[in-house]
Amino acid sequence: MKKSTLFMLSLLSSTLLTSCMLPHIIKPRTVTMDEIRALDYGAVPRNYEKVIAQHLYGSLIDPKSLMIDSISKPRKFVEIKLDERNTQPNDEYYKINFKPSYLVCIRFNAKNTYGGYVGWEWQGYYFKNNELIQVISREYRCEIDKDVIVYNPHISDEVNLVGYE
């Protein structure tokens, strides 16, 4: 009787230990475009053309050589980032952060230090509550033709974006 009780206890404890060691699989978080559109993007930038001109004149080698081909109207932009610090091993879904802003794109050309034009390029200006928060040169997202531009570096791993084709 004692041997069978000991055997049962050891079997039960080994089963419990084994189940604790199995890895917990965290599911990808599904995000819909309705959820994306409902985010707080802040105020639509009003004086963005002036802010962009000031930035360009302050950063170009020869500001007088500036030629502007086009400047877009502000479009909603959101970056979806994985929140690794706050995602716990036992969570059912990955925790994510949304970084919404407005993107204004400009296509321009200007002279370099040798006096030659560098060629037409896109530059992206990111605004939040009418304040410039980031500038990215050679911004490929400027060529995306959508009302809301979504950037997700973890696409299809931790975030399942629905309705953004």
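This is a predicted model: local features need pLDDT of at least 70, side-chain atom pairs count only at pLDDT 80 or more; totals for chains, interfaces and linings use all residues.
**View 1. Strands β4 and β5 side by side.** Strand β4 (residues 96-109) runs antiparallel to β5, and 7 bridges join the two. Strands here are DSSP runs of E at least two residues long, numbered from the N terminus, and two of them pair if DSSP finds at least two bridges between them. Residues are numbered from 1 along each chain as its sequence is written, and side-chain values use heavy atoms, with hydrogens and water left out.

View 2. Strand β5 (residues 121-128) is largely enclosed by the rest of the structure, because 6 of its 8 residues are buried (under 20% relative accessible area; exposed is over 50% and partly exposed in between, with a 1.4 Å probe and protein chains only). On its other pairing, β5 meets β6 (residues 131-137) in the antiparallel sense over 6 bridges. F127 stands opposite L132 in β6. The hairpin leaves 2 residues between the strands, and N129 in the turn has a positive phi of about 50°.

**View 3. The C105–C142 disulfide.** The count comes to 1 disulfide, taken as a pair of cysteine sulfur atoms within 2.5 Å. The sulfur atoms of C105 and C142 sit 2.2 Å apart, and the link is left-handed, with -90° about the S-S bond. It ties together distant parts of the chain: C105 belongs to strand β4 and C142 to the loop between β6 and β7 (148-151), 37 residues apart. C105 is buried at 1% relative accessible area, and C142 is buried too, at 7%.

**View 4. The nonpolar cores.** A nonpolar core is a set of buried Ala, Val, Leu, Ile, Met, Phe, Trp, Tyr and Cys residues joined through side-chain atoms within 4.5 Å. The largest one has 23 residues, and I36, I52, L56, F127 and V150 make the most contacts inside it. β4 gives the most to this core, with 5 residues. Apart from it lies another core of 6 residues, among them F77, L103, C142 and I149.

**View 5. Y117 in its loop.** Y117 is in the loop between β4 and β5. At 40% relative accessibility, Y117 counts as partly exposed.

Key. Helices (H or I, at least four residues) and strands (E, at least two) are DSSP runs, numbered from the N terminus.
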